[in-house]
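Student: I'd like to learn how to read a structure like this one. Can you walk me through it?

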Protein chains: 2
Amino acid sequence: MQTRREVEKWDIFELVLQGPSEGNPFRDVRLSAQFQYKNRIVKPDGFYDGNGTYRIRFMPDRAGVWRYVTRSSKPGLDGHAGEFVCVEPSPGNRGPVRVKDRYLFAYEDGTPFMPFGTTCYHWTHHGDERMEALTLQTLKESPFNKVRMCLLPTRDMQPPAFAFAGTCPGDADTTRFNPAFFAHLEKRIGDLRQLGIEADLILFHPYDKGHWGFDGMDEETDRFYLRYVIARLAAFRNVWWSLSNEYDFNKNKTVADWDRLLQYVQRCDPYQHLRSIHNGTKMYKTSTLYDYTKPWLTHQSIQHWDAELTTEWREQAAKPVVIDEISYEGNSSRRWGNISGEEFVHRCWEGMSRGGFVSHGESFIDRETRAWISAGGVLYGESPKRIAFLRSIMEAGPADWIEAAEKGAYRLLYFGRRQPVYRHVELPEDAVYRADIIDAWEMTVTPLDGTFTGRVKIGLPGKPYIALRLVRV
Amino acid sequence: MQTRREVEKWDIFELVLQGPSEGNPFRDVRLSAQFQYKNRIVKPDGFYDGNGTYRIRFMPDRAGVWRYVTRSSKPGLDGHAGEFVCVEPSPGNRGPVRVKDRYLFAYEDGTPFMPFGTTCYHWTHHGDERMEALTLQTLKESPFNKVRMCLLPTRDMQPPAFAFAGTCPGDADTTRFNPAFFAHLEKRIGDLRQLGIEADLILFHPYDKGHWGFDGMDEETDRFYLRYVIARLAAFRNVWWSLSNEYDFNKNKTVADWDRLLQYVQRCDPYQHLRSIHNGTKMYKTSTLYDYTKPWLTHQSIQHWDAELTTEWREQAAKPVVIDEISYEGNSSRRWGNISGEEFVHRCWEGMSRGGFVSHGESFIDRETRAWISAGGVLYGESPKRIAFLRSIMEAGPADWIEAAEKGAYRLLYFGRRQPVYRHVELPEDAVYRADIIDAWEMTVTPLDGTFTGRVKIGLPGKPYIALRLVRV
């Protein structure tokens, strides 16, 4: 008797089947499976992986015995049945990230997750193993726990492989996929998972401009692509879906198109990974942002330079605010990629102290490795270590620091470019607080002597980038 | 035969008459004069100066012989006739400042005037001659050529004298004025004139809160006050009228009230000094600003922290943009008074490079002299010398640097907190430019080698607070 296979909770159970390779199996063969644990049923799609190989991936979320049976339009792939044991997760495996308490995130096991994201759009696309290893090493040593990355190439790239079949823009065949491309991508998503880093996958982007044609496919092809991507990748617990980067720069699609595609992803994904869409437009008025109250969006993935608007965005849509682009630290000639480290760190503090999350990006264009945001490699900026410091401050505080402030348990007052020498603070008369002066740039925490109650005047150092932290004793 | 009196153009001709002192001459005696040069007639009001003395002040604006005759409700003051000779102005006397070319200012003699303002609200009110002398000395050594200053006291002040009769809030008599207060103020306005500094006089403000009652007088009393102020001060060529500071914080008055009072000032002032009103509200949307297109306003006197909006304000009202409050350099606990010198200088460059003027203010609260914005004294900040540098840069460039940019003669590109290592610039193919790198913070100008034509890539130092200046050879 064969030992039953064991898979830990939120890891991947993969079923491999052999089947037909003639014709176009990507398009012509339907395959799925029904996984059942007690009353719980999940039905992931399978996918064709080339050379007559078919796979069905499944991410179990309950410990215990799961039974499955396959369903297919091809008799040889249909009716395969079996079971496996889902065991408790090992340390570090906390499940996929979910929205929690409206404005926050937590892993499925309940552990709070604060995204400290970064962006490396095409770090997996250049066929440079050494550089990808370097990127992973850099990420490992960084404070970042989420990476925004694209599936599709830009017009300026000559990648060794891409999501669809073909070798160059002219012969891209959008009726077939390139299993080797996906296998490589999956290896990297797995590497990120190993490092505890979420992969915020950008499914479309407007940087094609008709070169590859992937930015202007018809809706049927878009869905064909999305379904394949979801079948392959959704079983990775660290996957987030970012339907498009700078969607409004893509003139081939309307907001209604994006809405339908987002709902399609919502329908296809058995695990309901986080879903959002990311704007490009330069906006003075926040009302021109995508309407993040739409129910198929789990969180707000914003591009805007003004972190002070975080407060407004929280009011507009009671969903987490993730400012995925706030300009990058760097020295590019472009506005989006050349703010100073000081300015970048300032924006991080401004956004977080208002209850949002600010993602990092770096674009130094004259250093040894290419710009981090496009190719990964090495980080040169002044902000990463200060983001690590900010992360340590935030993770040492309450999971919901805004609610804690409302309840009088905790306050983090950030003064930014202001440099007051004191601050009057109104504290409850019936509670006692200790206070720390935090220097966001120098990365120091200086406890103040004594404790504080009621209306108090607290001395401050009179320099920029200072925060005052009050914690109820 | 008596020698005719000589007064230089834009200086003050003053006629002194003796008349009745019984009753309330401030209210009961009407006095004016008609001054005539060829076909030009100007009719300034006179005013009662106490002790039976009446004065009529007149600022001639044409060289030549002016004749006058007085008109009064009192026979003894009526019908005094005479003449004087207006001679050409001495060096440094360029006349009052006027709006020129929509967005700019110039003295009446045509010399461009770029306001580099500062604020010392009550520097003349504290009865401290030593401090006033110190303020004048500081101003003399500063880059500032305009001072915002109030006529009326705040609720927290105990001034030795104020505009109206009386000694304390309880016995203020708004039917009479205090000539000694005005004589002192006029001395200081004269001192400023001597230094080439414009006095941007704030006629009302909301910091009274009913204490003195001057923020909630009836319209007749407001007009009585304004008419007296204009009769006394309008002949000073360096006077600007700022009808109110933070007008929207005064709950006793509506925008319609302010409109009527502004039109009253417009009617009473024979010289049409610059006129504006200054907002207080914290605004996200610029549409809540006072409507600066109203014809009785000569320029926009804005409070806002975002100098980037200068471009928008120019579009909204084709009048000069003067950001009279953009937050002050300092270390006050209040948001309006604690930005860093670096941030302040940055805002100045941002606003000016977009075609606006940014006024200075300083509010260090723990130094030897009190906060500059309220009491004058000494400046402690890091911004004044850098504003001097900015002024030298601007005054060395074209008077209308925005128009010059449109015509291809000059460009000043300011990169702020951005730190690009190069910039592509599109220059005409048929012209040759030289270029300078300007460091706004370090106050250096570094000429680049060679000349530039057409589309060029210009190397930049990759640090914040840099400007690139291009000048057609």
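Student: What share of the residues of chain A count as buried?

Tutor: Keep in mind that this is a predicted model. To judge burial, count neighbours: a residue is buried if 20 or more other C-beta atoms lie within 10 Å of its own. In chain A, 46% of the 473 residues count as buried.

Student: Which domains does the assignment give for chain A?

Tutor: Domain 1 runs over 6-87, domain 2 over 97-396 and domain 3 over 407-472. Between domain 1 of chain A and domain 3 of chain A, the C-alpha centres are 55 Å apart.

Student: Now the inside. Which residues have the most contacts in the largest nonpolar core?

Tutor: Think of a core as buried nonpolar residues linked up through their C-beta atoms. The largest one here has 120 residues, and M149(B), L201(B), L203(B), L243(B), L390(B) and A467(B) have the most contacts inside it. Helix 4 of chain B, residues 219-233, gives the most to this core: seven residues. A second, separate core has 119 residues, including F182(A) and L309(A).

Student: What does L201(B) touch?

Tutor: Leaving out residues up to four places away in sequence, its partners include M149(B), L233(B) and W240(B).

Student: How many residues of chain B are in contact with chain A?

Tutor: 20 residues of chain B meet 20 residues of chain A. On the chain B side, strand 25 (residues 422-426) brings the largest share, three residues. By type, that side divides into six nonpolar, eight polar and six charged residues.

Student: And what relation do the two chains have?

Tutor: A turn of 180 degrees with a shift of 0.0 Å along the axis puts chain B on chain A with an RMSD of 0.1 Å. That is the relation of a two-fold axis. The same surface serves both copies, as 100% of the contact residues of chain B recur in chain A.

Technical notes:
Residues numbered from 1 in each chain as written. Chains lettered and ligands numbered in written order. Predicted model: local features only at pLDDT ≥ 70, side-chain atom pairs only at ≥ 80, totals over all residues. Core = buried A, V, L, I, M, F, W, Y, C linked by C-beta atoms within 7 Å. Buried ≥ 20, exposed ≤ 12 C-beta atoms within 10 Å, placed from the backbone. Helix = DSSP H or I, 4+ residues; strand = E, 2+ residues; numbered from the N terminus. Contact = placed C-beta atoms within 7 Å. Nonpolar A, V, L, I, M, F, W, Y, C, P; charged D, E, K, R; others polar. Least-squares fit on C-alpha atoms with pLDDT ≥ 70 in both. Domains from an automatic or database assignment.
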